[in-house]
Amino acid sequence: MTEPYLRLTGITKRFGRFTALDRVSLDVPRGSLVTFLGPSGCGKTTLLRIVAGLETQDEGTLVQDGRDISRLPATRRDYGIVFQSYALFPNLTIFDNVAYGLVNRRAGREKIKSRVAELLKLVGLPDVGKHFPGQLSGGQQQRIALARALATAPGLLLLDEPLSALDALERVRLRAEIRALQQRLGVTTIMVTHDQEEALSMADHIVVMSSGRIEQVGTPQTIYREPATAFVADFVGKVNVLSAVAEGQGRVRVGDLVLQGATGSESFAPGTPLRLYLRPEDVMVNGASADHPNVAPASVQKIEFLGAFCLVTVTLQGAPAQPLVVNLSRHSLDRMALAVGTPLRVGLPCECMRLL
Amino acid sequence: MATVATPLPAPSPARTRTIADPQQRLAQTLLVVACAMLAVFLLAPLAAILVKSVQDKAGAFVGLAHFRAYVQSPALIESAWNTLWVALAVTAITVPLAFTFAYALTRSCMPAKGVFRLIALTPILAPSMLAAISFIQWFGNQGALKSLLFGYSVYGPIGIIVSAVYAIFPHALMIIVTALLLTDRRLFEAAESLRTSARRKFFTITLPAARYGIVSAAMVVFSYTVSDFGIPKVIGGNFHVLAIDIYQQVIGQQNFNRGAVVGLILLAPVVFAFVVDLLMQRSQQAHFTARAVAFMPRPSRGFDAAMLVFCAIVCALMLAVLGMAVFTSFIKLWPYDLSFSLRHYVFGLVDGGVIDSYFNSVKLGFYTALFGTMLVFATAYLIEKTRGMRATRAAIRLLAAIPMAVPGMVLGLGYIFFFNDPRNPLHFLYGSMAILVLSTIIHYYTSSHLTAATALKALDNEFEAVSASLKVPFYKTFVRVTAPVCLPAILDIARYLFINAMVTLSAVIFLYSPDTKLASIAIVNLDEAGEIGAAAAMATLIVATSTVVCLVYALLTRVLLRRTQAWRAPPTPNP
């Protein structure tokens, strides 16, 4: 196995009595896009700033490309950084902004000009060299900020919530562009975000963080399908949480219903209180045959129309105190002619259930 | 595949220390230098006063003997009392006046607001003595309107009070205008929908929101009146105030120890006002949140007319004061020969050898503006934009706030005690232009620092991080980006320092030498000698110079504004 491009070991950071990061260890593979995902205050931005050298860790080591950078100041590390606020220099033209890091290296003027032109073409804004940042839209400014960060061909690209300041449409567009750019250049990238949709759509690996600790590291698929902890299950995507009690031999009781758990749930001793996690889109409605395990009668309590799909809240007959939210496409809703009070049959596939 | 290692025991030492980065070292060194400068030129002189107040002439420690002697001296107690009640009177007059004027400017739809505002700010261009001279001309022994005083003399408390009101009015006005502007329109709209009377709206919305501004203005007026020396010197007559006492003890009687005691007594009310202001600032809630909408007044004929009349009267009076002084400088001899003459300028100033004072003042203004702006802005930049050395940074912030609490005379006093001591290695500074420049910069440090810090805080605070990632030293970014973007604030500081250097008196009255006599000091001397025409001429010159500087500043700001507009011209269509 090749060495990871960046290896963090035991990173700890305290602010007075508050521990922002608690012995965080992580490997970032070369050429991948890794996302730090978590709610505000979980430490993801602090971790990014420690990688950049803008904050100093209290304990722990960082090794970048085989080099121990733990004690190096920011000016001696090899990275480019893009901030939520773009931080473009308002009094310099776009050309001067992008060329900012190059001018210091005393490259020839022609070389600088061609490099800037190359970068502007790369981010899809070839003609704005003479403009000022204040004349561009948010999405354009962010692309220039990206071009500026990439100008010096750094080994590591750091993105601190780059899309948070943009409106919804720009966000979606830029998301795809950043990902395409990153894959084309093959630059190792770390991105911080609190938007799980961004993380799921862009990342090779997601690092889910909470309260200064890593909850789970994995591919978007793994994080979504197999959340390792209650926090991850709750934070990433919508999920139904049902209170259950283990019955032994892989069965659990929810209210009056007895359900078959997924393989591996035999380990729970009878009587153990459990939480059952099930994604709304995994619930089968009127589709499973009656002798399929985990089928129960229910009735429609509420329908929330969200355009392409709907969130239907159903009340299980055997567990009236714990409503279930089901994700149905608009077509399915029309086909089944569901309305408030309509009785139906729901199936809870055991392989989609997570018991924690 | 990314992995999560199990928590390892920390392999590195308890606290990671970064390798020294030459740029950070430079920033840290500069921070320490700035701190040292402020300590030497601010704290040390103040400490010297403290020391002198408990020593006798020979330098032996005598404890509180001088303080006791002070308390037992009825004349000195009377001075303290005089100073206090005059300052209270000035505050009681100026603040309501300024409030009403500010209210007219911000809450009415009267015409010609720009003109009124401009006139109201003119006293800033003049030394405080100009008002005193003018009032002598209006109400003095040969005054044009002497009869209006019903036998009372303008020399004494009356003269001091009216002159001080004139001089400090613009400062109070600006503070209250700012406070009134920062009121959320939505509060008024909500009150309207609840059918609140205008009177109730005023007392429940306007006043509370402006409360901080009113108190702040009152503190500024109070401090100023207590500390001012020029006005009581010219128009005080036999009415003794603390500022005069200090002057007499130190210059007249060479009794430094007593002078130090009086200086400390003078410090007390000013520090009190400073602390009140500070506490108010802390308890000030954010009335003007980011979502608030600025207030837009609606026309109301009766109200607007009343405000118009009020402002017109105030401005007319102010112009009368300024006008009388200028007029005096251009006539032969008041009140006997009112024909036009330049003799006060030609003979009174130039031939009287006093014109050098004017050029010294211009020099002082120039050096103070140049070095002061550099020092203030660079220090504010180091505090706001560099990392590390928290304690030093906090110390500098504290030191930067102190000059506001120190009257000019007290500062000047401290400088004599500290720098005139032959044992001090910096003794060579005494009597030079350098010490005048330094004392003036320190005297006006707080407000300049605030302007710089505000401008720097408005910048994106990631510029330095971007610079570090692109391997560009922070000082290059400072020159290429930070300073140009903050240019309006830098020019504002330079103008503020220049104008104040032109009119300053209380600090420099102790520090000048025959080579470095300043215009304000010359005015005092000319007035003492009875040459009121020449004194008025010098004051007029100062006003003229300050006006020119303000015009240049306005022009430069206009040019700059156009440039920054260019940075924000309409956006290009989306590609």
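**Entry 1: hairpin in chain A.** I began with β1(A) and β2(A), which form a hairpin with two residues between them, and noted that A:Gly16 in the turn has a positive phi of about 65°. The model is a predicted one, in which local features need pLDDT of at least 70 and side-chain atom pairs count only at pLDDT 80 or more, while totals for chains, interfaces and linings use all residues. Residues are numbered from 1 along each chain as its sequence is written, and chains are lettered from A and ligands numbered from 1 in the order in which they are written.

I took helices (H or I, at least four residues) and strands (E, at least two) as DSSP runs, numbered from the N terminus. Strands pair if DSSP finds at least two bridges between them. Strand β1 covers residues 6–15 and strand β2 residues 18–28 of chain A; I found them paired in the antiparallel sense over seven bridges. I recorded A:Val28 in β2(A) as the bridge partner of A:Leu6.

**Entry 2: A:Ala20.** I located A:Ala20 in strand β2 of chain A. Is A:Ala20 buried or exposed? It counts as buried because it has 23 C-beta neighbours inside 10 Å; the cut-offs, with C-beta atoms placed from the backbone, are 20 or more other C-beta atoms within 10 Å for buried, 12 or fewer for exposed, and partly exposed in between. Leaving aside neighbours within four places in sequence, I listed the contacts of A:Ala20, among them A:Phe15, A:Thr46 and A:Gly212. A contact requires C-beta atoms, placed from the backbone, to lie within 7 Å. I also noted A:Gly41, 21 residues from A:Ala20 in sequence and 7.8 Å away in space, C-alpha to C-alpha.

Entry 3: I noted domain 1 (6–234) and domain 2 (238–355) in chain A, with bounds from an automatic or database domain assignment. Their centres, taken over C-alpha atoms, are 39 Å apart. Each of the two domains gives four residues to the contact.

I then traced an open sheet of five strands in chain A, with antiparallel pairing and the order β13-β12-β11-β14-β20. Its edge strands, β13 (257–260) and β20 (354–355), each pair on one side only. Strands β11 (residues 240–248) and β14 (residues 273–278) of chain A pair over six bridges, and A:Ser243 stands opposite A:Arg275 in β14(A).
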